[in-house]
Amino acid sequence: MVDNTEMLKELRIDRSAPPPEPSRKGRWIGVGIALLVVAAAGAWFALGRGTTWVVATAVAQPITPAVAASSSVLDASGYVTARRQATVSAKVTGRVAEVRIEEGQTVAEGEVLARLDPVDAQAQLDQAQTQLDAARAQLTEHKVQLARAERDLKRQQDLVARKLTSQQLSENAATDVAALKARIAAQERQIAVAQSGVDMARVNLDNTVVKAPFAGVITVKAAQPGEIVSPMSAGGGFTRTGIGTIVDMNSLEIEVDVNESYIGRVQPGQPVESTLNAYPDWKIPGKVIAIIPTADRGKATVKVRIGMDVKDARIVPDMGARVAFLGDAKPVQGEAPRPLPGVLVPSDAIKNVGDASLAYVVKDGRLEERKVTLGQSLSSSRQVLSGLAAGERVALAPPDGVKTGDKVETKTQ
């Protein structure tokens, strides 16, 4: 047998031996982790707390009586519309032979926009003209016969006077003259009817030429050569009802829907300031043209027409617009005008976050977030009732991600 005693002794743990020294590899791993934490913290500070924003700024101003006099008593949104526009169509049904318009083209009153195939209309005109010529030729024949009958009547009257013929023959000759005169009168009426037919055929021929009813700009080109157009809607969907749409750009105005609860704040002739959604920094002066005397039952609104004092090529139909109805704040007689409470800042200095309205004050090169209470709109500015003081400088259009303590470089606006 094999003696395993020595081998079992080697497997025993010697608890009296000193512990082994710690590995240097683990120590270096711990140092590396600590360095990574420090680097991450530094990067967070450099990229977050250390971010420098470049913003335009403006100073919060007290609201003077002069500014309050032009305050907005109501804001409403609407669209640019044209009071004078038309979808131009031909008066007759026909095939389009030529189209002379394109979108954006300016046309004058009476300018030719399109032509229809004139073959049918020309044939009708030729036929009417032929009928007129035939009626005139027949009238000439009746006049020749009348001249002969008048000569026969004269001879018969001479013979009767000399008693060489009977009175009956003379009366027959007189009857022939009267009959021919009646035929001539009837034929003259026939010629008038034929002339009317020619005039009508000529009008139908002219109707194949489509002209501009007024000066304006083409906004829609609805037909192409070879298509059939008709002034009336036709079945099948293969017949056009118009050649194009023309808009008088001098008749542009803005239509807004005002809530009927606030329509009392609007009066005809009231000054307004309009802002197009496409050009938010462009304020267009104008006035209320009319309040349409009917309400929309479904929306509980009243339509108001707004005239613009500026004519500009940038204003086009169907543009969205926002209208500020300006008030006329007058002090009580015998009382000195007093400024409104709060301060006035540009509208883009206010940032809405949820239900809160925030402004960012610039102090010592850093931003300070303030929660503000807003008042009414005053033209392109907002009244701040609390949260800001006059003379404080605020950031305009603060970018997303700004917070208290961020560094800023400012430019005055």
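This is a predicted model: local features need pLDDT of at least 70, side-chain atom pairs count only at pLDDT 80 or more; totals for chains, interfaces and linings use all residues.
Colleague: How far is the charged end of Arg-314 from the centre of the Trp-282 ring?

Modeller: The charged end of Arg-314 also sits over the ring of Trp-282. Its distance from the centre of that ring is 3.9 Å.

Colleague: Are the rings of Tyr-279 and Trp-282 stacked or edge-to-face?

Modeller: The count of aromatic pairs comes to one. The ring centres of Tyr-279 and Trp-282 are 6.0 Å apart, with the planes at 80°. Planes over 60 degrees apart meet the criterion, so the pair is edge-to-face.

Colleague: Is Trp-282 buried or exposed?

Modeller: Tyr-279 has 28% relative accessibility and counts as partly exposed. For Trp-282 the relative accessible area is 17%. Buried means under 20%, so Trp-282 is buried.

Colleague: What percentage of the residues of the protein chain count as buried?

Modeller: The protein chain has five helices and 25 strands, and it exposes about 25,900 Å². Of its 413 residues, the buried share is 32%.

Colleague: What share of the contacts with a separation of 6 or more comes from residues 24 or more positions apart?

Modeller: The share concerns contacts in the protein chain with a separation of 6 or more. Residues 24 or more positions apart account for 75%.

Terms used:
Residues are numbered from 1 along each chain as its sequence is written. Side-chain values use heavy atoms; hydrogens and water are left out. Rings of Phe, Tyr and Trp (its six-membered ring) pair if their centres lie within 6.5 Å; planes under 30 degrees apart count as stacked, over 60 as edge-to-face and the rest as tilted. Buried means under 20% relative accessible area, exposed over 50%, partly exposed in between (1.4 Å probe, protein chains only). A charge sits over a ring if NZ of Lys or CZ of Arg is within 6 Å of the ring centre and within 35 degrees of the ring normal. Helices (H or I, at least four residues) and strands (E, at least two) are DSSP runs, numbered from the N terminus. Contact means heavy atoms within 4.5 Å. Accessible areas come from the Shrake-Rupley method with a 1.4 Å probe; for residues, only the protein chains shown count as cover.
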